[in-house]
Amino acid sequence: MGARSQMGPPYFTTEFQSFSYQSKFSSLKQQPTTMAMAFKMATTGMWVTDECKNSFMEMKWKKVHRYIVFKIDEKSRLVTVDKVGGPGESYDDLTASLPIDDCRYAVFDFDFVTVDNCRKSKLFFIAWSPAASRIRAKMLYATSKDGLRRVLDGISYEVQATDPTEMGIDVIKHKAN
């Protein structure tokens, strides 16, 4: 009992402390060191690059993009911009740019006219996780989604899709009205 009480609770051993301590600092060597470079998602340890935030703000305020596709680089643990659609591109262009065998996030700026003949615009967050993608990728994207959503402030609606029919233009129109 005397030796155990000096070490602390049985689940908190010196070996665990040193391993945990080293893993925290070894992972920081590979990560951006300033907030100007990236925003960290605390739940998964992923980093959202400034490019993601800046592209989103340009889309939201300046309307220079119709959509943005984001991807996670598993090695660097960064969420980056994969593709940007110009203001003249359509929802079909967005769906065509999503891979059939890998996960992605996307934000789409949907313009529509209400029944009162009022022009509106809503931002849609799309979590694309096709059935053909790897299990690891599905888990990584599912656990990182909320962190990215917090960085992208101003999203109106969210759509989760595993096949193209779950994110068709009719689904977008129905959610917007």
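So, Glu-158: at 22% relative accessibility it counts as partly exposed, where buried means under 20% relative accessible area, exposed over 50%, and partly exposed in between, with a 1.4 Å probe and protein chains only. Before I go on, this is a predicted model, where local features need pLDDT of at least 70, side-chain atom pairs count only at pLDDT 80 or more, and totals for chains, interfaces and linings use all residues. Residues are numbered from 1 along each chain as its sequence is written, and side-chain values use heavy atoms, with hydrogens and water left out.

Okay, what does Glu-158 meet in a salt bridge? Its side chain pairs with the one of Lys-145, at 2.7 Å from N to O. By salt bridge I mean a side-chain nitrogen of Lys or Arg within 4 Å of a carboxyl oxygen of Asp or Glu. Glu-158 lies in strand β7 and Lys-145 in helix α5, so the pair ties together parts that are 13 residues apart in sequence. When I say helix or strand, those are DSSP runs, numbered from the N terminus: H or I with at least four residues for helices, E with at least two for strands. Lys-145 itself is buried, with a relative accessible area of 12%.

Glu-158 also forms a salt bridge with Arg-149, and there the closest N and O atoms are 2.4 Å apart. Arg-149 comes out as partly exposed, at 24% relative accessibility.

Now look at Gln-160, which is in strand β7, residues 157-161. Is Gln-160 buried or exposed? It counts as exposed, because its relative accessibility is 53%. The side chains of Gln-160 and Glu-158 are joined by a polar contact of 3.0 Å. That term means a pair of N or O atoms within 3.5 Å; within protein, one must be able to donate a hydrogen and the other to accept it, and residues adjacent in sequence count only if both atoms are side-chain atoms. Not counting residues up to four places away in sequence, Gln-160 touches Ala-127, Lys-145 and Glu-166, and a contact here means heavy atoms within 4.5 Å. One more on Gln-160: its C-alpha atom is 7.7 Å from that of Ser-129, and those two residues are 31 apart along the chain.

Back to salt bridges: how many does a search of the whole structure find? The answer is 8. Another of interest is Arg-136 with Glu-74, with the closest N and O atoms 2.9 Å apart. That pair links distant parts of the chain: Arg-136 sits in helix α5 (residues 135-151), Glu-74 in the loop between β3 (67-73) and β4 (78-85), and they are 62 residues apart. Arg-136 counts as exposed at 57% relative accessibility, while Glu-74 is partly exposed, at 27%. Along with Arg-134, these two make up a network of salt bridges.

β3 and β4 run antiparallel and are joined by 7 bridges; two strands pair if DSSP finds at least two bridges between them. Ile-68 stands opposite Val-84 in β4. In the hairpin of these strands, with 4 residues between them, Arg-77 takes a positive phi near 60°. β3 also pairs with β5, again antiparallel, over 4 bridges, and Tyr-67 has Phe-108 in β5 as its bridge partner.

Next, the inside. In soluble globular proteins, nonpolar side chains tend to be buried together. Here the largest nonpolar core has 23 residues, and Phe-56, Phe-70, Val-107 and Leu-148 are among those with the most contacts inside it. A nonpolar core is a set of buried Ala, Val, Leu, Ile, Met, Phe, Trp, Tyr and Cys residues joined through side-chain atoms within 4.5 Å. Which element gives the largest share of this core? That's α5, with 5 residues. A second, separate core has 17 residues, including Ile-126 and Trp-128. As for Val-107, its contacts beyond four places in sequence include Phe-56, Tyr-67, Ile-68 and Leu-152.

Last, the whole chain. The protein chain has 6 helices and 7 strands. Of its 177 residues, 38% count as buried. And among contacts with a separation of 6 or more, 57% are between residues 24 or more positions apart.
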